[in-house]
Amino acid sequence: MSPSSPAAPPVPATVLDAAPVVLPAPGRGTDLRVRVSAPATGDRLPVIVFSHGFGQSMNGYAPLADHWAAQGFVVLRPTHLDSRTLGLPAEDPRTPHIWRHRVTDLTRVLDGLDALEAALPGLGGRVDHGRIAVAGHSWGAQTASTLLGARVLDADGVPGEDLSDPRVTAGVLLALTGLGDSLSPFAAQHFPFMRPSFAAMSAPALLVAGDRDDSPLSTRGPDWFTDGYTHSPGSKSLLTLYGAEHSLGGVSGYEAAETTDEDPARVGVVQRLTTAYLRAVLGGDAAGRRSAATAPAEDPHPLGEVRSKE
């Protein structure tokens, strides 16, 4: 298998959508809106709960969500409070706690899986509640990582509450922000929650980073986005995309304003490698997971490279 010529993938299925599906969210101030995407056929479908990046919504990340759904996954995309579609003012008392609301949004999605399944006609009874992954991009990757065991350090460097969820089997973390010891002065002042500890993030995960993702939030450069791989225990893989910036070629949408490095070929690598990885890890296929991880190295003109550790 290689990024440019994968080995006989399943024929993509027709994708069905339901949106918005509204889940009650006491204490949030706004009910939680979720987009449900799933293949029209198939049984025992695994689940991906996806957390969007800053300002996005349940309508973003179609290049990933549509691909995953067509490949046999149920994809659930909640709209977090920071979404531009909600227009939450900076002075809103919820603003300093949005990072925590984001995590609760994901657990609410898991709690409401029956209702979300029922909201899409024909999906009922076809979802495997025992095979669940989380995924996210940028701030969404940090949000998703907490369900895998990452924790936020307080001002004294003490890990905060354990927010991991035993219902989650694995994760895909795209452009995951790194450790808080190299935050820029702006980030340190405005985003104090960006002080993760990955020491307990032991769940299997595939991380994806761009080697030209030079964030203004960190003083370190692109390698900051590899911290989740370097500093976490357990089975991990790291895909580094050559020439990719924060949008990794356009995973949030080719016409999105934040896509500064539009490249369908890079997005294609992310689509194929994440699909192969999730299919393997949710199916308990360790050999398949290793095969997915080595795919870029087997291509004569690779768009990235993968490292793995057990």
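Which backbone oxygen does the side chain of Ser232 reach at 2.6 Å? The views below include the answer.

**View 1. Nine strands make an open sheet of mixed pairing.** This is a predicted model, in which local features need pLDDT of at least 70, side-chain atom pairs count only at pLDDT 80 or more, and totals for chains, interfaces and linings use all residues. Residues are numbered from 1 along each chain as its sequence is written, and side-chain values use heavy atoms, without hydrogens or water. The strand order is β1-β2-β4-β3-β5-β7-β9-β10-β11. At the edges, β1 (15-23) and β11 (304-309) each pair on one side only. Strands (E, at least two residues) and helices (H or I, at least four) are DSSP runs numbered from the N terminus; two strands pair if DSSP finds at least two bridges between them.

**View 2. β10 runs antiparallel to β11.** Six bridges join β10 (residues 236-241) to β11. Thr240 stands opposite Glu305 in β11.

**View 3. Ser232 sits in the loop between α6 (227-230) and β10.** Ser232 counts as buried because its relative accessibility is 6% (buried: under 20% relative accessible area; exposed: over 50%; partly exposed in between; 1.4 Å probe, protein chains only). The side chain of Ser232 reaches the backbone oxygen of Gly228 at 2.6 Å. Neighbours within four places in sequence aside, Ser232 is in contact (heavy atoms within 4.5 Å) with Phe198, Met201, Asp227 and Lys309.

Note on methods
A polar contact is a pair of N or O atoms within 3.5 Å; within protein, one must be able to donate a hydrogen and the other to accept it, and residues adjacent in sequence count only if both atoms are side-chain atoms.
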